[in-house]
Amino acid sequence: QRSRLQAIILMSLANALHFSAYELGRSAIMAIFTSDATGFDSAAITLATGFVSPFSILLLWIHRNVFDRYGPRRALLTSTVAYSLLLASVAMLLQSNPPRRVTQCSIVLLFIAKNAFVQLLAAQHWSFLTTLLQRKTTYTSIIAGTASLASTLSASLVSPLVQYLQSLTSVILAASCILLVTALVSEAAYALAHKVRRLQTCPRILTMKR
């Protein structure tokens, strides 16, 4: 069914864009985090990593409440846009050259958030995809491979982007913009999935809310 295939392709693209944005953001965040001028030494990474789990639990609790009230479509849109806005707002704060303590707190927040959101968004993309794929595991490796290629490509573009944009915070802003595109693409995928639902070709989609 054409609409079903298009929905799969769109959500696969959203997943790839998400990991592309993640790689851009991760590289820039780690560079700022470990910078002698603005960040910490490498030992602080271990401490910051310890805060990822409690933050992930809080994030999952918020996501679950949105999911239960509005359904998976709104939950995915909300979490993607929230992550994008967080990246953009902190990047703009860092561009204003705040005191070092503010910079450090901000970059720790981004470090924790990126590790929590990457799993949350990916899980939602794959929940949608596995619903539509209906055990056709042949395509899962292709979709995962596409996301991996997108991450690799983004990693190779970090250095040219830093030179072109002239700052690491601008790279974080670029990642934020890619996440907004991700939100639009995933919304389009859900719109097509609801079309499939109306045609009653995918029973599990019947549980999805608008």
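Buried means under 20% relative accessible area, exposed means over 50%, and partly exposed is what falls in between (1.4 Å probe, protein chains only). I start with that because R73, at 17% relative accessibility, counts as buried.

**Ground rules**

I'm working on a predicted model, where local features need pLDDT of at least 70, side-chain atom pairs count only at pLDDT 80 or more, and totals for chains, interfaces and linings use all residues. I number residues from 1 along each chain as its sequence is written, and side-chain values use heavy atoms, with hydrogens and water left out.

**Overall fold**

I looked up the secondary structure and got seven helices and zero strands. Here helices (H or I, at least four residues) and strands (E, at least two) are DSSP runs, numbered from the N terminus. Read along the sequence, the pattern is α-α-α-α-α-α-α.

Next I checked the radius of gyration, taken over C-alpha atoms, against the globule rule of 2.2 Å times the number of residues to the power 0.38. A compact globule of 210 residues would come out near 17 Å, and the chain has 18 Å, which agrees. The C-alpha atoms fill a box of roughly 60 × 35 × 25 Å along the principal axes.

**Inside and surface**

I find that 45% of the 210 residues are buried. For contacts (heavy atoms within 4.5 Å), I took those with a separation of 6 or more, and residues 24 or more positions apart account for 81% of them.

**Charges**

I counted Lys and Arg as positive and Asp and Glu as negative, leaving out His and the chain ends. Each charge is placed at NZ of Lys, CZ of Arg, CG of Asp or CD of Glu. The chain has 18 positive and 5 negative charges, and their mean positions are 19 Å apart.

**Salt bridges**

How many salt bridges are there? I used a side-chain nitrogen of Lys or Arg within 4 Å of a carboxyl oxygen of Asp or Glu as the rule, and the count comes to three.

- R26 pairs with E23, the closest N and O atoms being 2.7 Å apart. The two are three residues apart in helix α1, so about one helical turn separates them. I noted R26 as partly exposed at 28% relative accessible area, whereas E23 is buried at 11%.
- R64 pairs with D68 at 3.1 Å between the closest N and O atoms. They sit four residues apart in helix α3 (residues 52-70), again with about one helical turn between them. R64 is partly exposed at 46%, and D68 is partly exposed at 44%.
- R73 and E187 meet through their side chains at 3.3 Å, N to O. R73 lies in helix α4 (residues 72-95) and E187 in helix α7 (residues 168-198), so this pair ties together parts that are 114 residues apart in sequence. R73 is the buried residue from my opening note, while E187 is partly exposed at 22% relative accessibility.

Last, I looked at D36, which lies in the loop between α1 (2-33) and α2 (43-50). Is D36 buried or exposed? I get 72% relative accessibility, so D36 counts as exposed. I also checked D36 against L173: they are 137 residues apart in sequence and 22 Å apart in space, C-alpha to C-alpha.
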